[in-house]
Amino acid sequence: MQPDAPEQPASNAASASQEPGAAPKAKRAPVASNAAAHAMRLLHRARAGEHRSAEPKAPAGPHAAVIGGGIAGLVAARELAGSGHAVTVYEASAEFGGCVRAHEVAGLVLDAGAESFATRSTAVADLLAELGLGEDIVTPQPGGAWLYLKRGSESAAQPLPATGILGIPGDPWAEEVRSAVGRAGALRAAADLITPVSRKLLEGELSLGALVRSRMGTAVLENLVTPVVSGVHSADPDALDVDAIAPGLRAAVLKHGSLARAVAAMRAAAPAGSAVASIVGGMNRLTAALLKDLRAANVVLLPGTPVASVHHNAGGEDPARAFELRLAAGTRPDAEAGAEPAEPAYFSRVVIATPGEIATDLLAGIDPAFADHRPAPGAGISLVTLVIDKPELDDAPRGTGLLVAPTVDTVGAKALTHGTAKWQWLGDESGPGSHVLRLSYGRLNDVAGSLANADDESLRAAALQDASTLLGLDITAGDVLGFDVVRYSGALPFATTGHAARVAAIRERADATPGLEVVGAWLSGTGLAAVVADTRRRLRISAS
């Protein structure tokens, strides 16, 4: 799961969920002074603090290890605990949650990574309901996402067309499409409606970029699709498998005879309402609720405990010692529950829920052939959060944020999310005149992409300049109430062309080792909805 934009329209990119004809976002009503609001937040947080049980008793069932404490790992641990396993979770970093965790900026507890989930399935909503958070699910404020495009020698902002999927327009001749791609670009895109679909185009491996370019042309690809896909998946559409990124789209094109009609039909068939949702307080509450649930189930949680190797004792007589885990040299586990584990440790089941590069390295200890499936590394991603005092933004002049086209050379960020305009709860918490902006760095071109690896002060300066340009007003260092940078090591999305075949090969090989399961965004696809659904489905089949 990419941290900067886990869902369509995005977690760190702006939401593109505005319904046609929606009213513009109303100006927030003052709720309290900033100082009073901050004091109330701290008081509430202190009262809501959790008290851990000192010595929980471990279940007596078969022992299972989960390697990786991101959302996939925590969900897998919950499924295993629910089926009677005694579970230990190993997390290499000091914090659980992966891309779904919190950080504090200017007294506000904010999402450090994913800040929404796709509603195309009920997977996340169902899990939230089970964890007691179902009543806290919220949808974005009206306003929708905007685009920042290059037009000749100038750049300009405009609303993102509301009838598309991944930026692909369902109506190529809509006014906002013509504004984005020009009259010539819209005419080329409209040709899709009368051009027969070649079955040859839809056979074999097919990238999203190739499909859009062949049916609607380069202008639609560069000005509509690439900004959205780059913001959501941090990748070029030409590298992404259309079946992995937009399941069902290829078949719909063949059925309806055009890409535009396929998109329109899929939009019409989608559930009513917003394409994304979140929860009051941020998606980081999902991680907190999962951890609380796991502690109640006496799951042993080991942060700061990287696993160095996993080996399978094939043919061993003792099923409880089917897998042997060894920790990284010098590791001193900081167990949240129970005593420090013996080293090496033995388990009857193992779930590997780490990013793809780490997963394949661990899997190679079980079967060297897994090394052939190691994903290629990608560029890093940096998320820059600014909390600013700028009453001029109360009216959300650029909706819930902007996605930047790759042709724009005056902005380094690939997306800006106006958090206080997107989520009512955050607007209420921040107080009147205060705004939360999050800019995502890691664009597709080398110059802008290198900004993701810049030092914090350089990113702060770039974020102020980019926010000023994108929002159309001057934002200075004097406006800043708080600032933070969250960095994620990059990895190319596994959903490149041939994704389905690679996943099938990996899981077929994993299935050859009884008691082994592999989960995570590198297999399921980007986004909380995909990760949660795939993990629960896999574990419910294999954990019983």
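These are my notebook entries on a predicted model.

**Overall counts**

I then looked up burial: of the 544 residues, 55% count as buried. For contacts with a separation of 6 or more, I noted that 74% come from residues 24 or more positions apart.

I looked at β2, residues 86-90, and asked how much of it is buried. I found 5 of the 5 residues buried, so β2 is largely enclosed by the rest of the structure. I checked its two faces separately. A86, T88 and Y90 lie on one side, V87 and V89 on the other, and all are buried, which leaves both faces covered. For pairing, I found that β2 runs parallel to β1, residues 63-67, with 5 bridges joining the two. Within this pair I noted A64 opposite V87 of β2.

**Strand β7 and its partners**

I turned to β7, residues 145-151. Here 5 of the 7 residues are buried, so this strand too is largely enclosed by the rest of the structure. I looked up two pairings for β7. With β16, residues 401-404, the pairing is parallel and is made by 4 bridges. In it, W146 stands opposite L402 of β16. With β8, residues 154-159, the pairing is antiparallel and extends over 6 bridges. There I recorded L147 opposite Q158 of β8.

I also looked at the turn of the β7 and β8 hairpin. It has 2 residues between the strands, and G152 takes a positive phi near 65°.

**The sheet β11-β12-β13**

I traced an open sheet of 3 strands, with the order β11-β12-β13 and antiparallel pairing. Which strands stand at the edges? I found β11 (307-312) and β13 (345-347) there, each with a single partner strand, so each has one side left without a neighbour in the sheet. Neighbouring strands of this sheet are turned against each other by 25° on average, direction ignored.

I followed the pairing of β12, residues 323-327, with β13 and counted 3 bridges in the antiparallel sense. F323 stands opposite F347 of β13 in this pair.

**Helices α4 and α6**

I next took a helix pair, α4 (residues 175-190) and α6 (residues 218-233). Their axes come within 8 Å and cross at roughly 160°. Angles over 145 degrees count as roughly antiparallel, and α4 and α6 are therefore roughly antiparallel to each other. I recorded the crossing of α4 and α6 as left-handed.

I listed the residues that make the contact. From α4 they are V177, A180, V181, G185 and A189, and from α6 they are A219, V220, N223 and L224. Sorted by class, the contact of α4 with α6 has 7 nonpolar residues, 2 polar residues and no charged residues.

**Residue V124**

My last entry concerns V124, which lies in helix α3, residues 123-130. Is V124 buried or exposed? Its relative accessible area is 1%. The cut-off for burial is under 20%, so V124 is buried.

I looked up what V124 touches beyond the residues up to four places away in sequence, and found F117, M283, L528, A529 and V532. I also checked V124 against A277, which is 153 residues apart from V124 along the chain. The C-alpha atoms of V124 and A277 are separated by 9.6 Å.

Methods:
Residues are numbered from 1 along each chain as its sequence is written. This is a predicted model: local features need pLDDT of at least 70, side-chain atom pairs count only at pLDDT 80 or more; totals for chains, interfaces and linings use all residues. Side-chain values use heavy atoms; hydrogens and water are left out. Buried means under 20% relative accessible area, exposed over 50%, partly exposed in between (1.4 Å probe, protein chains only). Two strands pair if DSSP finds at least two bridges between them. Axes are lines fitted to C-alpha atoms, for helices over the stretch in contact, and angles run from 0 to 180 degrees between N-to-C directions. Angles under 35 degrees count as roughly parallel, over 145 as roughly antiparallel, 65 to 115 as roughly perpendicular and the rest as oblique. A crossing is left-handed if the near helix is turned anticlockwise from the far one by less than a right angle, and right-handed if clockwise. Contact means heavy atoms within 4.5 Å. Ala, Val, Leu, Ile, Met, Phe, Trp, Tyr, Cys and Pro count as nonpolar, Asp, Glu, Lys and Arg as charged, and the others, Gly among them, as polar.
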